[in-house]
Amino acid sequence: MEEIFSEERPEDGNISCNKIEFAKLNYIELDTLPNLTGFCKSVRIDFPQLRELCIQSLRKLRTLCPNERDLLFSGNDDSVMQCLFTEKIAFGGVKKLEIIELDSVTNIWCQQPTTSWFSELEVLVVMSCDTLRNLFSHSIAKVLVQLKHMTVEECVMMQEVIAEDYEIGQAEINESLFPQLKVLELRRLPLLESFYHMIKGLELPSLEDVTLYNCPRMKEFSGGRLSMPMLKCVKRDHSIYRIDGIIYTVEHLFNEKQWRLYLITHPHYAKI
């Protein structure tokens with residue numbers, strides 16, 4: 001199977017409609033379809049009631065809605081930027097998204113999203129996507145205002161979670177992202193160097209639980225000052241650190257070299 005459905009074309013070759021709506025569909029799972037190259041070509045698709053989307057083990061898939069040019073150059077042309085999700089598909093109501101074992105996907109989201117793109121997303125799981133160098137851009141991160149749980153695991157080429165998409169000179173001095181995020185899990189990411197490597201202040205106002213496991217290159221969480229006022233637990237490799245609801249701002253909480261120093265100078269930290 002190369003696509004889920006194809007548009008009907010009359011004899012003159014023109015597409016009979018330019019939009020398809022699945023008005024009542026609330027769950028989609030695409031799993032182990034080795035030849036799938038897209039959901040549908042050249043037609044806008046709306047899923048107004050979709051709440052959960054799982055995409056797994058689609059080795060050839062680069063974008064859900066390819067056009068003829070995408071398919072023509074998808075083989076070896078890395079200069080053609082392709083995104084798994086484009087403006088051709090509307091997923092505004094999705095609350096849980098799982099993306100697992102997509103070997104050909106280099107970008108999940110486009111750089112500039114529409115305001116409704118995944119704005120209700122609460123749970124994001126990305127695993128074993130070996131060509132991803134980052135998860136999303138700063139512009140996408142600002143849209144995900146309802147995100148509560150984020151897991152990124154076994155993406156061997158990922159270097160950072162949030163990528164810069166504008167000039168440093170335009171950056172805000174301090175910025176709050178993911179206002180609802182409570183749980184963050186980063187596991188088995190051998191090239192990951194930081195969560196967000198911008199020279200600015202970063203606040204994650206609701207984050208309570210952080211897991212960092214087997215991320216050997218990660219020496220800092222962000223490039224600037226870091227604030228996690230609700231942080232309660234940090235799990236790093238085989239150690240667990242409990243923080244009892246202290247409001248604090250800390251720059252090097254995830255800097256491995258200074259971790260022991262913080263444990264000594266901050267008696268509220270308890271290692272289990």
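Phe85 is buried, with a relative accessible area of 2%, where buried means under 20% relative accessible area, exposed over 50% and partly exposed in between, computed with a 1.4 Å probe on protein chains only. This is a predicted model, in which local features need pLDDT of at least 70 and side-chain atom pairs count only at pLDDT 80 or more, while totals for chains, interfaces and linings use all residues. Residues are numbered from 1 along each chain as its sequence is written, and side-chain values use heavy atoms, leaving out hydrogens and water.

**Confidence**

- The mean pLDDT (the predictor's confidence in each residue, from 0 to 100) of the protein chain is 78, and 72% of its residues reach 70 or more.
- Over residues 256-272 pLDDT stays under 50, and the model has 27 contacts for them beyond four places in sequence, a contact being heavy atoms within 4.5 Å.

- Leaving aside neighbours within four places in sequence, Leu186 is in contact with residues including Val152, Phe195 and Met218.

**Aromatic pairs**

- A search of the whole structure finds 8 aromatic pairs, counted when ring centres of Phe, Tyr or Trp (its six-membered ring) lie within 6.5 Å, with planes under 30 degrees apart called stacked, over 60 edge-to-face and the rest tilted.
- The rings of Phe85 and Phe118 have centres 4.9 Å apart and planes at 55°, so this pair is tilted.
- Phe85 lies in the loop between helix H1 (68-73) and strand E5 (89-90), and Phe118 in the loop between E6 and E7, so the pair ties together parts that are 33 residues apart in sequence.
- Phe195 and Phe221 form a stacked pair, at 4.7 Å centre to centre and 15° between the planes.

**Strand E6 and its partners**

- Strand E6 (residues 96-100) is mostly covered, as 4 of its 5 residues are buried; helices (H or I, at least four residues) and strands (E, at least two) are DSSP runs, numbered from the N terminus.
- Strand E4 (residues 52-56) runs parallel to E6 and is joined to it by 5 bridges, where two strands pair if DSSP finds at least two bridges between them.
- E6 also pairs in the parallel sense with strand E7 (residues 123-127) over 5 bridges.
- In E6, Glu98 is the bridge partner of Cys54, and Glu98 also stands opposite Val125 in E7.
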